Every structure is written in C-alpha cells, then in structure tokens.
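User: I have a model open and a few things to ask about it. Can we go through them one at a time?

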Amino acid sequence: AHLDRIAAVDDLVHAFLHIDRDRALDQAAAVDAKRAAGERLGPLAGVPLALKDVLTYTGAPTTCGSKILEGWMPPYNATVTQRLLDADIVILGKTNLDEFAMGSSTENSAYGPTRNPWDTDRIPGGSGGGSAAALAAFEAPLAIGTDTGGSIRQPGAVTGTVGVKPTYGGTSRYGLVALASSLDTPGPCARNVLDAALLHRVIAGHDPRDSTSIDAPVPDIVGAARAADVSGMKIGVVKELGGEGYAPGVEQRFTEAVALLESLGADIVEVSCPHFDYALAAYYLILPSECSSNLAKFDAMRFGLRVGDDGVLSAEQVMAATREAGFGAEVKRRIIIGTYALSSGYYDAYYGQAQKVRTLIARDFEAAFADVDVLVSPTTPSTAFRIGERVDDPLAMYKADLCTIPSNLAGNASASFPVGLAPEDGLPVGLQVMAPPLADDRLYRVGAALE
Ligand code: GLN
C-alpha cells in the first residue's frame, strides 16, 4: 500500500531519491514467511520505513543529495540500517536531503527540491525534508533522519510530524556519511510519539564501531511515551528563544501548548540561557570547520565522480575539476569558510573562540537542568517558507536553525512535537523539548502528553 502511495504522490512531493520496490516487497514476503513458519519476528516486523540518503544501505546507492556521489554503492550497512533490518523493518527507499545535510529546506539537493505536502509551494524543512515529507504525505509511517543542527526537528516542525534528536552518542554514526562528526546524530521520525519511541528503541544503544557511542543503558523511552505523564515535572521556557522575529502563530500555538502542560500538572518556570544568542554564530564556524575536513575525502580517487581524468591533467587538477563539478554552492561555501576558520593565524580567533562559546552553551544547559527537568521553546521561528524564498540568502536560511542548534552544540537530547496549525497560514507549528544527555525518555513523556 505504501509503495502504491509513493507511486501516486511522489512525482509531486519528491520525498524519495531511490525507491527500493522489489527488495521492499521481498522483505515483506520474508516477514510473512517467518510468521507462517512460527519463527521469532523482530520488534517492528513488516513496518515500512524511509531512510535518509546519508546512511549507507548495501544494494542501494548512497548519494547524500550530491552529484559527487552519484551512483556510489556503499560496501557495508550503517549500524542504524542494520538494526532496522534486524528488527524486520521493510526499507522502502532512500529519501531526499540538502546536499551532505547542509541546509534547512532540502532545496540544496542536487536532485531537485522536496515539496511540503501541506502546501507544495513550500519547503518541507531540511536537511531531512525527504524523510519528513514522506511521513506527512503518508508514503511511509516511519523514517530515519540525522540531526546536526536541527535536520530532524525543523523538518518535523514544518510538516506537522514528530522528530527526535537522541542524545549525541546515543545512536551510532557508523555508516552515516559525516557532516560534522561532533554534532551528527541519527534519530527517529514518525507521525506520532509512540511510533517514534518504538523506532528509537530499535536504533539506540552502544556500538563499538563508533568511538563516540555511549556505553550506557538506553532509558525506557517506550514506557515514557506510554505514560504520557507530566504531573510534577518542572518545565523551563527558554526566555531567549521567542519574542521578536517569531511568527505570531508560532508563538500562539507554543504558548497554548505550554498552558496545556501546566493544566496537566507540570510546573512551568521561565529560564534564561544567555549564551544561546551566540549559538548560531558558533555553529556556523564549528560546522564548516568539521565539514571542510570531512569532505576532503571526496578527492575523485576514492569515491564516486571523477572529472577530467584524460591522462593529461595531474591528479591535483582532476581533484579540483571533480570537486568543482561535483559540489553545489552551499557545500563550497562551507568548505571555504571552514578552511579559512582552521587556517593558521585564524584558528584561535574563529574556531577556538567558537569552541569556547560551545562550552558556555553547555554550561547554560547544565545550570538550567540543575533546576528543571526539561526546557521548551518553539522548534523554529516561522512556519514553512516558500520554495525559492531564502535560497539566495544564506543568513535567512541559517536562521531557521536558531532554536535547534544549542542542543547539538551541547549534545543533549531534543525533539520537536506538532502543536497545531498557525492561524495566519494554516501551517504546522512545532514545540521543541530539550532534556539532559541520556534523559531522552523525558522528551517522550512531554511529547505524548501534548498529543
Ligand atoms: N540547517 C542546518 C545546517 O544547514 C542543518 C544541519 C543538519 O542538521 N544536518 O547546517
């Protein structure tokens, strides 16, 4: 049924870069056969899922939304992918994204934009717009995203779906093509809170193949989603994430949702996190620095595209021609910024300074969590903007990440839950919940109470 739905709507929505029709049908048949034989089934046996095309899955191309990886077939499965398969989940295909997960609208994909099913003239968020749109268009009930600066939560917010960024290190980065290694976090996307929790449980937990994977028990996220209980919980509203620059409908739905939590027995207080104002600036130095290094491996020799290899050009010239042709404008912009920020003479002034700000943001969180159980804010300052509106204005695009970035810099757990439609444009609004590292269960407690 989901494959039929994809066939009917995906020409318009363009959530998928690759549809794995035959293999998905085989996987579904294998689940049926197992069931008929009385064999033990995985926890989400037969449930279809859409996989963001930045995680490897053997037998399907991994493009990362980039021309430089067009046609590249990965030789191994990401840990997340393997855990999905071990749970007997059916993988429908790979979803569209901003090139190498850089962007907030999915317009930076080399394969064309994804459209928001709520209004197809608008963006579905980014970078994981394909995964979020697949859910909102009922092409898949579950999806996997990755969140480096908001790429699970912001698409969730603008498509009216649930997006969870687990604690950094709570889900494995093995087989995730790196954007910024100290920030990247795979996570679950779904249309409701319990579905997200069930998927989260399947992919979470220690992986010895990822050196930053946390070797600690996963909290009872499914129990928390089922409990849906916020009575006695202390919830802090972040003073710095709201007010001027936030759409009236976003503020209205956010305020109503906070009032609902209060009526359900939560204790609401205002909390100040003064360094959050510098999060965006710090992130847009740290992220380009890390990605300029991570993307150096696309050198025309090891992966994907090779341009100008005619026996006349030197290896260096082939490398330059390949990177010129294979990378889009945003990727080039960030490589240049990152290379500059890391260069000798500038390192302390830019990268070093940004790392200090990162520490101050983590301390803001620590101070807040000494007093409250979770923090809340709108997920994004505005609802889905129009396709084309911000493509030529990188700073306007970066502002979509204003509320989501602090959690990436600090590494704590964070999620976006739908809280209704903005009255002025009828588009979905998301509420963000931020919890301490390894307290991912608290996100689900709050999200399920709101549902
Ligand atoms: N909008 C953020 C960026 O462009 C999102 C990154 C991400 O989470 N992958 O960097």
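User: Where does UniProt place the feature "active site"?

Analyst: This is a predicted model. The UniProt record, an unreviewed entry, puts that feature at Lys52, Ser127 and Ser151. They are spread over 100 residues of sequence but cluster in space, with a largest C-alpha distance of 10.7 Å.

User: Take Lys52. Which strand is it in?

Analyst: Lys52 sits in strand β2, which covers residues 48–52.

User: Is Lys52 buried or exposed?

Analyst: Lys52 is buried, because it has 31 C-beta neighbours inside 10 Å and the cut-off for buried is 20 or more.

User: And what is Lys52 in contact with, leaving aside neighbours within four places in sequence?

Analyst: Thr95, Leu97, Gly128, Gly130, Ser131, Ile144, Gly145 and Thr146.

User: On to Ser151. Where is it found?

Analyst: Ser151 is in the loop between β4 (142–146) and α5 (153–159). Ser151 counts as buried, with 36 C-beta neighbours inside 10 Å.

User: Which residues is Ser151 in contact with, again leaving aside those within four places?

Analyst: Ser151 has contacts with Ala101, Gly126, Ser127, Gly128, Gly145 and Thr146. Among them is Ser127, which the UniProt record also lists under "active site".

User: New topic: Glu256. Which helix is it in?

Analyst: Glu256 belongs to helix α8, residues 248–263. Glu256 is partly exposed, because 13 other C-beta atoms lie within 10 Å.

User: How far apart are the C-alpha atoms of Glu256 and Val419?

Analyst: They are separated by 8.6 Å, while Glu256 and Val419 are 163 residues apart along the chain.

Conventions:
Residues numbered from 1 in each chain as written. Predicted model: local features only at pLDDT ≥ 70, side-chain atom pairs only at ≥ 80, totals over all residues. Helix = DSSP H or I, 4+ residues; strand = E, 2+ residues; numbered from the N terminus. Buried ≥ 20, exposed ≤ 12 C-beta atoms within 10 Å, placed from the backbone. UniProt positions renumbered as here; feature names shortened; annotations may be inferred. Contact = placed C-beta atoms within 7 Å.
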